[in-house]
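Please report on the structure below. Start with a helix, then move on to the chain and its surroundings.

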Amino acid sequence: MTYTLPILSLITWMPFIGALLVMFTARHRPLAVRLISLATTGVSTVLSVVAYVAYDSEAAGFQFYEKFALVPPLGINYELGVDGMSLLMVLLTSIIITAGVFASWTVQVRSQEFYALLLALVTGVYGVFCSLDLFVLFLFYELAVLPMYLLIGIWGSTGEVRPRGIFAWAFRETGVGTKEYAAMKLTLYLLFGSAFILVGIFALWVEAGQSSFSFLAFEATSFEPGVQRWVFFVFYVGFGILAGIWPLHTWSPDGHASAPTAVSMLHAGVLMKLGAYGVVRVGMGLLPEGAVDLAWLVGTIACINVVYGALSAMAQTDLKYVIAYSSVSHMGLVMLGAATLTEAGLNGSVFQMFAHGVMTGLFFALVGLVYEKTHSRDIPKMGGFGRVMPGIATAFTIGGLSSLGLPATSGFVAEILTFMGAWRSDHRWWLIPAVVGTFLTAIYVLRVVKQIFWGPPSPHFHHLEDARGPEWVAVVALTIIIVFFGMVPGIAIGLVDTATVPLLARLPLP
Amino acid sequence: MRILVWLPLLVLGLPFASFLLLAVVPPLRRTGRGAGVISILAIAGAFLGALGVWTQGFRTESRWEWIPADGGPMATVGILVDPLSAAMLALITLVSLLVQVYSLDYLHDEPARGLGRYYAYHSLFAFSMLGLVLSPTFLQMFIFWELVGLCSYLLIGYWYDRPAAARAAVKAFWVTKLGDVGFVVGIVMLWGTTGTFDFTTLFAMARENQIPAEGLTLTLFLIYLGAVGKSAQFPLHVWLPDAMEGPTPVSALIHAATMVTAGVFLVTRAQPLFLLAPDVMGIIAAVGAFTALLAASMACVETDIKRVLAYSTVSQLGYMMTAAGLAAAAAGFFHLLTHGVFKALLFLGAGAVIHAVGTNDMFRMGGLGRAMPQTAIVFIVGTLALAGVPPLAGFFSKEAILAGVWQHGATTLFVILALTAFLTAFYMFRAVFLVFFGRAHAAGHPHDAPWLMRGPLWILAILTVAIGLRYAIGGHGDDAHPAPGWLAPFSVVLALSGIALAWAMYQRGAIEPAALSRALRPIDFMARRRYGLDALYGGLYQAFILGFSGLIGWIDRYFVDGILNVLSAWTLRGGDGLRRIQTGRAQDYLYGVAFGVLLVVVWFHWWAQ
Amino acid sequence: MGLHAYLTLSALVFAIGLFGVLTRRNAIGILLGIELMLNAVNINLVAFSRFTGDLGGLVFSLFTISITVAEVALGLAIVIVIFRVRKTVEADRLDLLRG
Amino acid sequence: MTASPFVLEIGLAALFLIVFFANLATTRADRRHLGWLAFFGVAALTVVSMTLAPTAPALGGAFVLDGLAIFAKRLFLAATAIGILSGLAAPETPFLRRSGEYHLLMLSSLLGMLVLASARDLILLFVAFELMSLPLYALAGFLKRDEASVEAALKFFLVGSVSSAIMVYGLSFVYGAARTTSLTGTAKAFAAGEPLVTLGLLIAFAGFGFKIAAFPFHMWVPDTYEAASTPFVAWLSVAPKAAGFVALFRVYFEGVGERVVYWLPVMAALATITILAGNLMALPQQNVKRLLAYSGIAHIGYLLVGLAAASAAGTAMVLFYLVAYVFGNMGAFLVVEAVTRSEGSEHVSAFRGLAQRSPLLALAMLLFLLSLGGIPFVAGFWAKLYVFWAAAQQGLYWLVLVGAVLTVVALFYYLLIAKRMYIEPPDRPAPVLVAPTLAVSVVLCLIGIVALGVWPKGVVMAALRVAAPLF
Amino acid sequence: MIVETVGFAVVAVVLLASSLAVVLTKNLFHAVLYLAAALVSTAGIFLLLASPFLFAVQLLLYAGGVVTIVVFAIMLTERLVGERIAQTSRDIVNGAIVAAAVLVAVIGFLVQAPAMTPPATAVAEQTVAIGKALVGPFAVPLELLGLLLVAALLGAVYFARAED
């Protein structure tokens, strides 16, 4: 180990330190709040870039390893380490949170609490990606989910959903549409998932007969095939909820639509990836036979996700809902890539996590800007914004193009790899829904772009303006990243490959 | 050696650099004409480079890793220079250069900001198109294929606040994307069986029969679908006429000379593979011929001058595809090149006319020959070339195709194409007579365009003539398909009869157009309604995609999410119901205790045994 | 007489007491039921003590009896307080708190 | 020389007498100084309890001061100290004028708990159990002019006496079959397969079930919690429950020897329905105390999960859970006390905008709720996790899943309170005034859950150590 | 032996009958009196079981003390309300079913239990033995019992006093 600096701990805990600082030192000083947040997330970002560059892809495996005992009798250790896959996710997280800090620069109400919660949440996210101890991973997972309730509940926005259909009574009873509803739904749904994860983790612990929750120790254990199957299923459901698998995805549209900008960015951009990451890292990584046995399920559900999400997105008139459903669709691609159990597919899956994270972060940042200026999310009312907000229009278009998998954006690389993986997998037909999904994406994304930014200016809005000042930072940075990684995907995939190939090698593929 | 790589890279890099500059430096973009100059300089440089490459006859191939993988890259990018791509390079850079110069004056009324955007798109287009033709792999070709589609989308929607333009741009993107879906599936399938995207490798495998025949037909058909979309073949041709909502120079460049020919280029480039699938080749040829005739018939009833040219483009693309499908790829490619030149000329000429009179409707023009003689002359040169009148460029290329078709023994196709040639001459001269001859309709004082616009027109006109003359003097370059002797007179007759018919109808008035319409009522009726295809697609889109999405959206919101809400509502109600056992009466609580005892005993019996 | 006879008898008394506890409306009535139940306990304890020859049962029943007395005293005090405040000892009507 | 095993009990009895006579000697109307006296006495005993070490059994094995007993006694004493302290600020007349009686009753109940934790003999256990319970009935109705309070006392009393009657009926069978009142004898008889021991223990569960408020023995809980004075409820909701669990360990683990797994299905089933019923019934509650009462029932269910594991680990984790629960639940009730005193309402809407009125109080409540909900970095998380872990070790995955999933239901209503505090705007801006003693109590509880949340290791290890000899 | 059997039968019948009367009779006073009868017959059973000491305790403490307190309480509450105390029953059928179910559960176990024969002689010097036990091994419970009585008394007195 050449790095004695606990770089992962620093990355992980820096935002938390920021949260504490914000909470206790910056009372009623909004600028200080922002600067502290920026500084701490900035440090994490710089460190994650450093780690990314310093990662030795020749050696591969888990690097920047840290460990100390937390609760020795149960074998809980604070154990951190990253490989190419998690490192990319860490990088994604730091990109999105830094952008998120900028994107929420204009939050006025109770900004101190807002930033504190946001930063605490980010620590959870980093923690999940860095943890090599399943228990600590679970801890961080919970930390990443909970602040969401207050973040959405306090700073969110309420949409309009009219209770209709045969279940209208149920909607009326649950209070659908309000931000409180969305916040509750999201939080509880994700915690529901975490219940499954917990059972899975305990099952591993018990079945392994170990006194440790360490990922590496579990990896060295081979579990009974029967156990592998059900535990994988449990992990799939648990993590899958966060990844938005159909039909357990309905928290996502409501939650993302109601959440404030930075939270939507972070949630759709990073947290949903936690789910997919969990399925790949924990599910496939530890339960290879279970993964192979259940790949058909994962892939089939993913196919439904892709097409169903795209069609649902097309049906929406609320801008945020469109983006939220597009996340459901894209997470389907992520899961599909993973389910192919091929090098191309898995690389595509991980790269899609990154690409979609940046892209959806950009989307939500832009939608936040549009919403801030128009105070409306109603697409049919909008029109012709391209003239007054050309910058936003451009960035939105680029995001949209990445979303529909246009080459030279990172979305393309991810999608083509997924396609390739799908065709090489045991279930070739998966290619069809995947491709259909991207075509449908082209339809709804361009339709939205056309409706909002093109055409004659809408009579409903006056005095609109383009983004300003710090708002640009997030938009421009994310846009550049989308294009940059689209053109030079090798710098990400090369690293990811060092992690996915050993993972695949453990699978008992015929 | 080094220059072999660097020169094509320079050709590729200059427009890209220009694009980057314009995209990343907003002040530069906002200068408008300044941005135009940068872009023009870049493309001029590229043109010179392309000329160098073309004339020197470089052949080179280079690759770099793009998507790494364990045990060798999964995908590479690079450049492949051979005569095919070199010729395309020259054509693309030339037309791009001329169109960009032309645009400088054509769009001088545009705000500087918009103009900067326009040139940025143009640079990007040039880069993408060059990248496409230089691709050594299917994947890279697909990448640039999509990028040119993007540029097309952006440029059609250049006047994005016009609803028609916005609609047309989106339509163009969707329809071509539909074809591209096939393309991408095709190349992925090809990769699945061969493990490579690389042309050279694939061709080598094809030569040695190492490509498994199973599924190859389907694979190649899917790849061909990409060409169907991009090259506006039936049934995906519907986007091209609508694409005329973009600025005219864009139409000239993208929707006539370069991008739409990408499909033909693809089939030509991958000819060794397509030859392995005769069925697909047959489809390509048949669809091409059918498209040619169909588009020609629609052009005959069109009143919008640009749309006439658009249909003629579709029609000519059908020609090229037919040739490609009948293994006469060289002829097709030849037509591609000549067509690129004179169709660009025609579009730019039409642009000059539109610029002058402010309308697209041919019936509101007339007598412009006197008002703008230079434009008229170059337009007529282009028209003659398109109609296939010797010794202009179009005659030779068209004849090469007809010869190829005849040689192949596809009589039906030959008849269709001959008919199309006749119709082409007819509708083109219909346009000429309506626009440049007859009575002047237009108000105001139309006059010839400024020199920046005229210059490119003349250059293209001269080229049209020059290429024609070169072949007239030097004979056919293509000896693979020696034309039968009667073919040349036959095509001249076809062209002249078409011209004569147009003259009789629109100049002379000898034949009443309405009478002819009545005589050919069913065809006329259908052609005027574009054979109902647009309506059909519109209906399918509305009913099928939007309707289905509406259904799914409803299901998701009110059923899938509904079930979740029902579960939570049930939970809440369950809690409310359950708390009613808490009646407040002490005896009921005592019941609870008694029940508890019973429960414990009963459970114990159940489970302990 | 065997042990089972006593145990059965006590079980019967216990059940009767339980029945009274469950059905009486009056709080004092419920208390009487409880007394019966505890009485059954005492029968059990003494019977076991007799049949095992162990003294513990007798001591146990002594404690039970004493505790019962304390319980009754406290319970009746509560009943009286209830009476003062609510003017009723019908346990049925004391359902201010519920749900 | 080692300390007498009775040192705490003797100390407490002495304290009882001191307060008793001080009460007689006082002529003042305001007798709250007696409360202070009791508080300092209990606090001193708490300190003493920290120094205790296990001793040999006394009274021929009927009374033990083993690790479990010491662990439990520390917990009872600490909880009682906080309970007394927090009640000192209550302004109602009975608490002023009858402070002596109030605290004497509390002390006697505490004495019952202390003995209960050590009792390894059925008679001692029963007497201690009753000594713990009887004063509680009186305390529940301490606001004797309050209609609801006396009603609650009556219900508490009736359910309690019936349950203890059933329990002692069961114990009589245990005694009869074991031929001795000693629990060691019971274990032998149980091992021999005496059906009457099984019957007795099954029936006797009614009493323990009542005390810990497991479904369906729980029905007195919401009414009593709602009507009795809040500081008392805070204490009632934790200390006697903890004592009940310790007694359960004694009787159902120690008292049955090696065949503890016999209880596994029954305990697991009880745990399931208790969690389910508690959480579901809490959902529609609008009265905070009632809500916490039902949530408390659900917590009993989680504790029973640990019990169902029927292992040393399970027992230890129940002990840990109890510690976390004592602090978390008491804290929550004490915040409720502060808010309801200020707002004059126990409706959840009293919490509206608390975060903006009294941010620290709101934060405290949030942390308590999160602890109860089982969220990381506060004690409740580890508590839940550990009992699940223990259950998983026994292969009870389904139970873990049910428990964990129902935690989500629990979070629903906890978050609704959080929503009132943090999301809704306040009705009035004035901060909530909190009496100093109450504030100190809240802070103590807060320290408890945060310390346990951040560093659970110490208590976990201790719990594992004391639980090991039981098996 | 026959004496014992007959005695048991008689006492059992009286006990059960009076028990039933306790839970069924309408008049609360009568119920208390029946309770007294039941307690006395229980005392009789103690005699049959050769426990004269408990017989005495039962009569004095229980039948005497408890019944007196209850009567006292009834009088007190009656005075407060000013009307006769009648008590009615609710849901007799349900109560009977549940009580019967519990009975069945208990009996079900009882029949599995092995029969026991009593030792030839009962504990000699029962009173002395109990006294010794109470100050010997059961001294602590006894002291606790005292405290319990004090606590119960404290509570009862607190409730009973009317002034505050």
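The buried residues of α11(B) are Thr248(B), Pro249(B), Val250(B), Ser251(B), Ala252(B), Leu253(B), Ile254(B), His255(B), Ala256(B) and Ala257(B). Buried means under 20% relative accessible area, exposed means over 50%, and partly exposed lies in between (1.4 Å probe, protein chains only). Helix α11 spans residues 248-257 of chain B, and ten of its ten residues are buried. Helices (H or I, at least four residues) and strands (E, at least two) are DSSP runs, numbered from the N terminus. The buried residues of α11(B) pack against several helices of chain B, including α4 (83-106), α5 (112-134) and α16 (329-357). A contact here is heavy atoms within 4.5 Å.

This is a predicted model: local features need pLDDT of at least 70, side-chain atom pairs count only at pLDDT 80 or more, and totals for chains, interfaces and linings use all residues. Residues are numbered from 1 along each chain as written, chains are lettered from A and ligands numbered from 1 in the order written, and side-chain values use heavy atoms, leaving out hydrogens and water.

Chain B has 26 helices and two strands. Of its 609 residues, 63% count as buried. The C-alpha atoms of chain B fill a box of roughly 115 × 60 × 55 Å along the principal axes. Among contacts in chain B between residues at least 6 apart in sequence, 80% join residues at least 24 apart.

| Residue | Helix | Relative accessibility |
|---|---|---|
| Leu463(B) | α21 (residues 451-474) | 25% |
| Leu567(B) | α25 (residues 533-578) | 45% |

Leu463(B) touches Leu94(B) and Val341(B), not counting residues up to four places away in sequence. The C-alpha atoms of Leu463(B) and Leu345(B) are separated by 9.7 Å, though the two residues are 118 apart along the chain.

Which chains touch with the most contacts? Among the eight pairs that touch, chains C and E have the most. Chains A and C do not touch; their nearest C-alpha atoms are 20 Å apart.
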